[in-house]
Amino acid sequence: MIKIAPSLLSADFSKLEWEINRIKDHADLIHFDIMDGHFVPNITMGPMIVKSVRKSTKLPFDVHLMITEPDRYLKEFANAGADILTVHAETCPTLYRTLHSIKSLGKKAGLAINPATPLSHAENVLDLIDLLLVMTVDPGFGSQPFIEEMLPKIRKAKQLLDTAKHPIELEVDGGIHPNTAPLVREAGATILVAGSAVFSTDDPPEVAIQKLRGTHHRSSTLPKS
């Protein structure tokens, strides 16, 4: 079954523990968008936030480092409770070393690529990654519209990952909601990252997540005879 990783970027930061408690029985991972105001035009959270909510759930923490010089902070986020550390190909001039560093910390290694970044960045590091994150918006802000031209790229990514010697998750992040989720699932994604579609909707979290998985069915009431 497809996995859903709600992004805390869209949660209410004044009550993060409450927000996590709403989703922890329904989600598969929790996604942290770490932004530094340099690689992307926004600043969000750091290791202290990850550490502060680690006690609230045993769900895997999927930490997406949208930052320059990620090597400087890998150990901090690992110690804070990250289970997956995902770095951007665009910020890693020594990508092999960075991925090896993540593995040496006992964490799963993820590689993220922006919409305009070619898949070739992942081809030579398949043996080192556990997750490939294909961005379907330019990172930096939540609630951006899905770039539909990324669907062929997701399909090609799935074909590439199928050649690997070990299972690699294909994660998609950006503009994921009930209308775009079926397109991304069909293209081969195994993890969907969604923020506003989970935290900023009138649906209860379990229903919102079911809609993203494609497992929600409206109940029908038969007329009385």
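The model is predicted, and residues are numbered from 1 along each chain as its sequence is written; local features need pLDDT of at least 70, side-chain atom pairs count only at pLDDT 80 or more, and totals for chains, interfaces and linings use all residues. Side-chain values use heavy atoms, with hydrogens and water left out.

Helices (H or I, at least four residues) and strands (E, at least two) are DSSP runs, numbered from the N terminus. Strands of a sheet pair through backbone hydrogen bonds, either parallel or antiparallel. Here, eight strands build an open sheet, and the pairing is parallel. Their order is β1-β8-β7-β6-β5-β4-β3-β2. β1 (3-6) and β2 stand at the edges. Each has a single partner strand, so one side of each lacks a neighbour in the sheet. From one strand to the next, the twist averages 25°. For such angles, axes are lines fitted to C-alpha atoms, for helices over the stretch in contact, and angles run from 0 to 180 degrees between N-to-C directions.

Strand β2 covers residues 30-35. Two strands count as paired if DSSP finds at least two bridges between them. β2 and β3 pair in the parallel sense over six bridges. Across this pairing, His-31 stands opposite Asp-62 in β3, and Phe-32 stands opposite Val-63. Buried means under 20% relative accessible area, exposed over 50%, and partly exposed in between (1.4 Å probe, protein chains only). Six of the six residues of β2 are buried, so the strand is largely enclosed by the rest of the structure. Ile-30, Phe-32 and Ile-34 point one way from β2. His-31, Asp-33 and Met-35 point the other way.

Val-63 lies in strand β3 (residues 61-66). Its relative accessibility is 0%, so Val-63 counts as buried. Contact means heavy atoms within 4.5 Å. Leaving aside neighbours within four places in sequence, Val-63 is in contact with Phe-32, Ile-34, Phe-77, Ala-82, Ile-84, Leu-85 and Thr-86.

A pair of aromatic rings is described by the distance of the centres and the angle of the planes. Rings of Phe, Tyr and Trp (its six-membered ring) pair if their centres lie within 6.5 Å; planes under 30 degrees apart count as stacked, over 60 as edge-to-face and the rest as tilted. The structure holds one aromatic pair. Phe-32 and Phe-61 form this tilted pair, at 4.7 Å centre to centre and 55° between the planes. The pair links distant parts of the chain, as Phe-32 in β2 and Phe-61 in β3 are 29 residues apart. Both Phe-32 and Phe-61 are buried.

Charged side chains also meet rings. A charge sits over a ring if NZ of Lys or CZ of Arg is within 6 Å of the ring centre and within 35 degrees of the ring normal. Arg-54 lies over the face of Phe-61, at 3.6 Å from the ring centre. The charged end of Lys-15 sits over the ring of Trp-18, 4.4 Å from its centre.

Helix α4 spans residues 95-104. Leu-95, Thr-98, Leu-99 and Ile-102 are buried there. Seen down the axis of α4, its buried residues fall within an arc of 95°, so they line one face of the helix. The arc is that of the directions from the helix axis to the C-beta atoms. An α-helix has 3.6 residues a turn, so residues three or four places apart point the same way. On the other side of α4, Arg-97 and Ser-104 are exposed. The cover over the buried residues includes α3 (74-80), β4 (84-88), β5 (108-113) and α5 (120-123). Gly-106 follows α4 and has a positive phi, near 80°.

Two loop residues were also examined. Glu-69 sits in the loop between β3 and α3. Glu-69 has a positive phi of about 50° although it is not a glycine. Its relative accessible area is 47%, so Glu-69 is partly exposed. Gly-174 is in the loop between β7 (169-173) and α7 (181-187). At 5% relative accessibility, Gly-174 counts as buried. Gly-174 touches Thr-136, Val-137, Phe-146 and Val-193, not counting residues up to four places away in sequence.
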